[in-house]
Amino acid sequence: MKNKLKDLIELFYVFLLIGTLNFGGGYSVLPFFQKEIVQKRKWVSEDELLNYYVLGQCLPGLIAINASTFIGHKKQRTLGAIFATAGMVTPAIISVLIVTIFIYNFIHLTIVQNAILGINAAVILLIFDALFHFLKKSVRDKSTLFIFLLAFLLSFKISPAFIIFGAGLFGFSIKKIRGEI
Amino acid sequence: MIYFILFYQFFKIGLFSFGGAYATIPFLYDLSNRFGWFSHEDIVNMLAISQSIPGPIGINLASFSGFQAAGLIGGIIAPIGLITPAIIMISFISKFLNKFCDNPTVNAILWGLRPAACAMIAYAMFIIMKVALFNLPKFHLTGQIQDIFKVPAIVILIILVIVDKKCPLHPAWKIILAGTLGILIQL
């Protein structure tokens, strides 16, 4: 019981640390996990961590959060998952609250707007990198290209949840018709 | 009541967004259109700031959105809603972990779903390009062709692409470089 509590507090602390040091989430957290969780604390092995990343991508939501949840769950079941994830999101929420309270009021200042204009250009590049990375893995033939283009056009008109749901159903039906499942 | 709606809406995003933070952006546009908690311009601003502060971008974005919609408590409830589906699903899946990704039915669904998730990210990029590189409201106002483009932003994008080709930069450095250029170019 005492050990469990100690584990939970440590989980929260370690993920709090990682969440504070990491900017951006996603794959950029991977090196932090490798250093703090695999090498230093040996909570999971290198292979397990990679599995969590692969599985985290199969699931909806944020990859870094999904990986944190997996690690927490391995250590202390559902409570561990909650503590690890809570540690990971706390710095993100606090930094947003600080920005909103202290800086967001200055958002219309020219210098802030100019910085944001520059940052947005970088954001386009970062999204392009992410998109390119995902496209290479998921769009490989005519059918997947068709789904990509159709979903892109529909996203101007239809709520994204419907598109995702429809695409999953479509994928399942095609594979069923082809007799692959 | 607004807290309940916020939680539900972000729970839904957590359940249906595949592909990370950028894949949540089309959902935020959808919320903006339906509830008017924040404008499209707010989303682009929030995204720029989220890139520059600690934590996963998706959590930052959710917290910003919740804050805009319902103040301090909203800023906490929205990210909690976003991560709840993952915690539930992973606690459930962990028991038969490796079988999950090898299951043919799961694979068939993911096969169809991943290109659509890419399309969500492409749509997010399209929207951000529209706001970040072009100034359509000004063009509609003046009718001058040269007013369509935000020239400084386009110049910065080109500089970043060239620098990144020469020596790949860590995302954090790209953000810092771009922000600095943004201030310097327009002095």
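1. Basis. Residues are numbered from 1 along each chain as its sequence is written, while chains are lettered from A and ligands numbered from 1 in the order in which they are written. In this predicted model local features need pLDDT of at least 70 and side-chain atom pairs count only at pLDDT 80 or more, whereas totals for chains, interfaces and linings use all residues.

2. Domains. Chain A is split into domain 1 (2-106) and domain 2 (139-181), with C-alpha centres 31 Å apart. Chain B has domain 1 (2-132) and domain 2 (145-185), with C-alpha centres 26 Å apart. The bounds come from an automatic or database domain assignment.

3. Contact between the chains. Chain B supplies 87 residues and chain A 77 residues; two residues are in contact if their C-beta atoms, placed from the backbone, lie within 7 Å. On the side of chain B that touches chain A, helix α6 (residues 104-133) gives the most, with 23 residues. Helices are DSSP runs of H or I with at least four residues, and strands are runs of E with at least two, numbered from the N terminus.

4. Strands. Strand β1 (residues 23-24) of chain A pairs with strand β1 (residues 55-56) of chain B in the parallel sense, over 2 bridges; pairing requires at least two bridges found by DSSP. Gly24(A) stands opposite Pro56(B).

5. Ile121(B). Leaving out residues up to four places away in sequence, Ile121(B) touches residues of both chains, among them Ile127(A), Phe134(A), Gly19(B) and Tyr22(B).
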